[in-house]
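Please look over the model below before reading my points.

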Amino acid sequence: MDKPLKLYFIPYLAAGHMIPLCDIASLFASRGHLVTIITTPSNAQIISKSNNLNVHTFQFPSQQVGLPDGVENLTSVTDIDNSYKIFFATTLLREHIENFVEQYPPDCVIADFLFPWVDELANKLHIPRLVFNGFSLFTICAMESLKLHPLPEDASGSFVIPHFPHDIVINSTPPVGSKSFIDPLLTVALKSHGFIINSFVELDGEEYVEYYEKTMTHKAWHLGPASLVRRTTQEKADRGEKSTVSVEKCLAWLNSKRDKSVIYISFGTICYFPDKQLYEIASAIEASGYEFIWVVPEKRGKENESEVEKENWLPKGFEERNKGMIVRGWAPQVVILGHSAVGAFLTHCGWNSMVEAISAGVPMITWPVHSDQFYNEKLITQVRGIGVEIGVEEWITTAFRDMEKLVGRDSIEKTMRRLMDDSDEAVEIRRKAQGFAKLARHAVGEGGSSHQNLTNLIDEIKLLRDNKGSKFCALTSLR
Ligand code: UDP
């Protein structure tokens, strides 16, 4: 092999950004390139030690921002004030990271779009910058379309995405705060050499790749599904935080269940539902009679929670009456989704969760909450037909805000039944979901689309490195 590339990855400090970008970093390392992840000490703990990843850490400014030691990412905080502190802390890391990168420049830097200042840094060093935000390309296209063709200022309720390849109806208008936060970040992202996407072309569809390249005159590289880089059960179980339930216990429980009989329920790492909403979910589970694994954020189910506090979100006697497992904290999600006993996934539509379910052939019940989730939902339900919608209409600004409208137990139960009963619709959705799982595995294998994209991207970065200076400007415009 010729001279390996020297690559720096700078993931954002949140599990949903960090886990997939580090898995993508492993893909480059597995081809023999020198990969360094730049992060802070606590975040370094959750990065896989396998696959030859180097980790360079900078002290997290805990005292300056007023966070306890060890709380260094969005996944470890449970309220909006502390989430702002994490955000502020990342801005304080800028100077340290810049000095390091300038002193030991790489051939390419791959950074989260929440670090827009990496644009200036990469330009200064005349190195290409690739950008990652953990969204599907379909979602980036939808957001860009709304930037180009804004809705009227007084718009509310559902709307059709303007000038789009499909007529996609979004159930709720994005809050102004959410759009005004994300839009400028996307604008800077579009100045990069290209987007890295944790998905595969067959899922986003050629029509959206073309739409993106034509409308945004920018390149996107589909390299996923990132989670498929983990092959063994142990590697899958080690993904992210330490599980609160052992993988052996989960597998033993799942092994005792019939195929496709269990609903897996999780709302990702930063959605905190009010007690009343959790109570509705519990009541729907109970009414449906399905077996389940339900992941409930730790603050809801602390070991020292009193029985009275617990009854605010879990009907009295629920655990004795129902056949399921409540996981309080972190579950080994990729292992669970990969088990044949799982028949459906009730998800908040975080893109990682969706692409992990797709890789496992598990159809979804979609319940978006904020950010990219309302668009992700539509790719899965309206475009690809591998999920059914709960019908959420309230789009909250950020993950830590309480919603005003609850989703009632009847809607939840009814939607669960649509996928879990063996109706013709359910059988067809399952068949399609399994088809996409095959395509996902094929995409990352030798000769598959994501595998080939990785080869092309590596060749392109090498070309930029070897012709540094003269060709840099020409190649950073659209190929
Ligand atoms: N995850 C997990 N166990 C949990 C909760 C989350 O393994 O109990 C992982 C999940 O597999 C996914 C990531 O954390 O890779 C969450 O990312 P996603 O985009 O789905 O949602 P977010 O948390 O960013 O809203």
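**Notes on the ligand shell**

1. The shell around the ligand takes at least three residues from domain 1 (6-228 + 447-477) and at least three from domain 2 (233-441). These domain bounds come from an automatic or database domain assignment.

2. This is a predicted model: local features need pLDDT of at least 70, side-chain atom pairs count only at pLDDT 80 or more, and totals for chains, interfaces and linings use all residues. Residues are numbered from 1 along each chain as its sequence is written.

3. In total, 20 residues surround the ligand. The closest are Gly-16, Gly-268, Thr-269, Gly-350 and Ser-353. Two or more shell residues come from each of α1 (15-30), α15 (333-337) and α16 (351-360). Helices are DSSP runs (H or I, at least four residues), numbered from the N terminus.

4. Which helix gives the most to the shell? It is α16, with four residues. This helix is largely enclosed by the rest of the structure, because 10 of its 10 residues are buried. Buried means that 20 or more other C-beta atoms, placed from the backbone, lie within 10 Å of the residue's own. Trp-351 and Glu-356 are among those buried. Just after α16, Gly-361 has a positive phi of about 75°.

5. Now consider Asp-204, in helix α8 (residues 201-204). Asp-204 counts as buried because it has 24 C-beta neighbours inside 10 Å. Asp-204 and Val-388 lie 184 residues apart in sequence and 18 Å apart in space, C-alpha to C-alpha.

Terms used:
Near = placed C-beta within 6 Å. Buried ≥ 20, exposed ≤ 12 C-beta atoms within 10 Å, placed from the backbone.
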